[in-house]
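Let me put the model up on the screen, and then I'll walk you through the strands, the helices and the aromatic rings.

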Amino acid sequence: MPEGPELHLASQFVNEACGALVFGGCVEKSSVSRNPEVPFESSAYRISASARGKELRLILSPLPGAQPPQEPLALVFRFGMSGSFQLVPREELPRHAHLRFYTAPPGPQLALCFVDVRRFGHWDLGGKWQPGRGPCVLQEYEQFRENVLRNLADKAFDRPICEALLDQRFFNGIGNYLRAEILYRLKIPPFEKARSVLEALQQRRPSLKLTLSQKIKAKLQNPDLLELCHSVPKEVVQLGGKGYGSESGEEDFAAFRAWLRCYGMPGMSSLQDRHGRTIWFQCPAGRKSRKKKSKATQPSPEDRVEDPSPPSKALSRTRRAKRDLPERTATQLPEGPSLQQDPEVPTVPKKGRRKGRQAASGHRRPRKVKADTPSLDPEGTSAS
């Protein structure tokens, strides 16, 4: 899913692509989007963008003399799992363009589109950053570092470090692939207690005998976890392109994939955290990673499950015998829906149970019903 670097790159794209363009008319929303309408109309306005953590702000600024008279309007976007901005000819709108801003005539009309295949993205009117989010790891490093170290008593740091790194109150902009890359570089076990990892940074002080250049060199050679939360996202931004994405044919995604050292890479181990999200890491030599299932918990809209846990195993042999069912392996059981699935694709209804076998006399055997018999159908997971 898009993380801090991707939001920052998206804001750069909007400013570079739209800086010389004049937009006009109404802002258009798709009929299937559940996000709010954007009540803005102007004969001539410009669009600019800025990013903070996992949020992007668009500002629509009417030009002098534009009609009707209109105050500037700001929108704040959160990209969910698949949000992005594209600038396309008006007659070539992407299928999932859920918000559209059109350029004013004369000349061929273009459309700046917020494209979101899975529709987990969201926009809010008013332009205020979401309350409770911490300072941006990219652009507010000093405030970010102070906010973490000042609040180590918070219960968020009772959790494993891999889970604490996704808490946007303290690590605004860090997501799944960034946490894997950061922990890998420092060789920190992902399920180490967060407070144990971070408390040591409170006592870290550079020697007073070092010159400024020596202090900078020492930081570059031996960065701590909070410094990497700033520098690793910066590396992704410097790659250019769009950063993390699913379009494997794009050259900028190839550059991003070549940059990865841990996330999804061959030879790395993986486990699922408490929210069912896969954390990638390097297993110590001589030890094998065990796939373990954590208790299912409902993720927040910002941190939706990217790698849902597999469905539960088949019923025990004892229960199978009680129900007089033929033995079936776990792979023969129906699989639950994945949150990776496009919400716009309708779910195929499950077929009903097979009818009981016919007795030798030609009469059907009456079906036995037990109140405590669990269903073989896995529980569905909502993606809304």
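This is a predicted model: local features need pLDDT of at least 70, side-chain atom pairs count only at pLDDT 80 or more; totals for chains, interfaces and linings use all residues.

So, strand E3 (residues 41-52) and strand E4 (residues 55-62) run antiparallel and are joined by 8 bridges. When I say two strands pair, I mean that DSSP finds at least two bridges between them.

Residues are numbered from 1 along each chain as its sequence is written, and side-chain values use heavy atoms, with hydrogens and water left out.

Back to the hairpin. E3 and E4 have 2 residues between them, and Gly53 in that turn has a positive phi of about 60 degrees.

Now the open sheet. What is the order of its 4 strands? Reading across, E2-E7-E8-E6, with antiparallel pairing. Strand E2 (28-29) and strand E6 (83-89) are at the edges with a single partner strand each, so one side of each is left without a neighbour in the sheet. E2 pairs with strand E7 (residues 97-102) over 2 bridges, in the antiparallel sense, and Glu28 has Arg100 in E7 as its bridge partner. On to strand E8 (residues 110-116): 5 bridges join E7 to E8, and they run antiparallel, with Phe101 opposite Leu112 in E8.

Is E7 enclosed or open? 6 of the 6 residues of E7 are buried, so this strand is largely enclosed by the rest of the structure. Buried here means under 20% relative accessible area, exposed is over 50%, and partly exposed is in between, using a 1.4 Å probe and protein chains only.

Next, the rings. A search of the whole structure finds 16 aromatic pairs. The rule is that rings of Phe, Tyr and Trp (its six-membered ring) pair if their centres lie within 6.5 Å; planes under 30 degrees apart are stacked, over 60 edge-to-face, and the rest tilted. Phe40 and Tyr45 make an edge-to-face pair, 4.9 Å centre to centre with 80 degrees between the planes, and both Phe40 and Tyr45 are buried. Tyr177 and Trp259 have ring centres 6.5 Å apart and planes at 90 degrees, so they are edge-to-face. That pair links distant parts of the chain, 82 residues apart: Tyr177 is in helix H4 (residues 176-186) and Trp259 in helix H8 (residues 251-259). Tyr177 is buried, at 1% relative accessible area, and Trp259 is buried at 12%. There's also one aromatic cluster, formed by Phe77, Phe79, Phe85, Phe114 and Trp123.

Last, charges over rings, where NZ of Lys or CZ of Arg has to be within 6 Å of the ring centre and within 35 degrees of the ring normal. The charged end of Arg90 sits over the ring of Tyr102, 3.9 Å from its centre. Lys187 lies over the face of Tyr184, with 3.9 Å to the ring centre.
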